[in-house]
Amino acid sequence: QVQLVESGGGLVQPGGSLRLSCTASGIIFRLYTMGWYRQAPGKQRELVAAITSGGSTNYDDSVKGRFTISRDNAKKSVHLQMNSLKPEDTAVYYCNTKINSDYWGQGTQVTVSS
């Protein structure tokens with residue numbers, strides 16, 4: 001059974017940083033692309049960043065230069081380092097992988113506010 005568990009969200013002031021983590025179980029983690037999505041109130045869920053099994057990354061334009069995705073295959077974890085946070089980054093952030101179908105974590109709230 002595939003399970004993804006996120007951690008690391010919270011409240012931060014504009015310009016601050018947070019690091020999200022997602023730990024996977026039930027999959028051969030090193031084989032799969034991992035992604036971080038977010039969903040703000042009243043908006044559709046959107047891809048923030050993804051990292052392939054080979055370590056290639058891609059980012060939404062809105063976070064390029066501020067967010068960094070990384071993975072640790074030994075620990076079956078993927079991380080999202082978020083710097084220079086803006087109020088518009090406020091959302092629930094979800095970890096994702098696709099193995100025939102989508103698997104999602106429970107989400108972690110990130111709130112950027114003064």
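Guide: Two strands pair if DSSP finds at least two bridges between them. The model here is predicted.

Visitor: What makes strand 1 and strand 3 a pair?

Guide: Five bridges join strand 1 to strand 3, and the definition asks for at least two, so the two strands count as paired. They run antiparallel. Glutamine 3 stands opposite serine 25, a residue of strand 3.

Visitor: Why is arginine 66 called buried?

Guide: Its relative accessibility is 10%, and buried means under 20%, so arginine 66 counts as buried. This residue is found in the loop between strand 6 and strand 7.

Visitor: What does arginine 66 touch?

Guide: Leaving aside neighbours within four places in sequence, its contacts are Gln81, Met82, Asn83, Ser84, Leu85, Lys86 and Asp89.

Visitor: What makes serine 62 and arginine 66 a polar contact?

Guide: The backbone oxygen of serine 62 lies 2.9 Å from a polar side-chain atom of arginine 66. The cut-off is 3.5 Å, so the distance of 2.9 Å meets it.

Visitor: Which residues have the most contacts inside the largest nonpolar core?

Guide: They are Trp36, Phe67, Val78, Leu80, Met82 and Tyr93, in a core of 27 residues. Strands that each supply at least two residues of this core include strand 3, strand 4 and strand 9. Tyrosine 93 touches, among others, Trp36, Phe67, Leu80 and Met82.

Terms used
Residues are numbered from 1 along each chain as its sequence is written. This is a predicted model: local features need pLDDT of at least 70, side-chain atom pairs count only at pLDDT 80 or more; totals for chains, interfaces and linings use all residues. Side-chain values use heavy atoms; hydrogens and water are left out. A nonpolar core is a set of buried Ala, Val, Leu, Ile, Met, Phe, Trp, Tyr and Cys residues joined through side-chain atoms within 4.5 Å. Buried means under 20% relative accessible area, exposed over 50%, partly exposed in between (1.4 Å probe, protein chains only). Helices (H or I, at least four residues) and strands (E, at least two) are DSSP runs, numbered from the N terminus. Contact means heavy atoms within 4.5 Å. A polar contact is a pair of N or O atoms within 3.5 Å; within protein, one must be able to donate a hydrogen and the other to accept it, and residues adjacent in sequence count only if both atoms are side-chain atoms.
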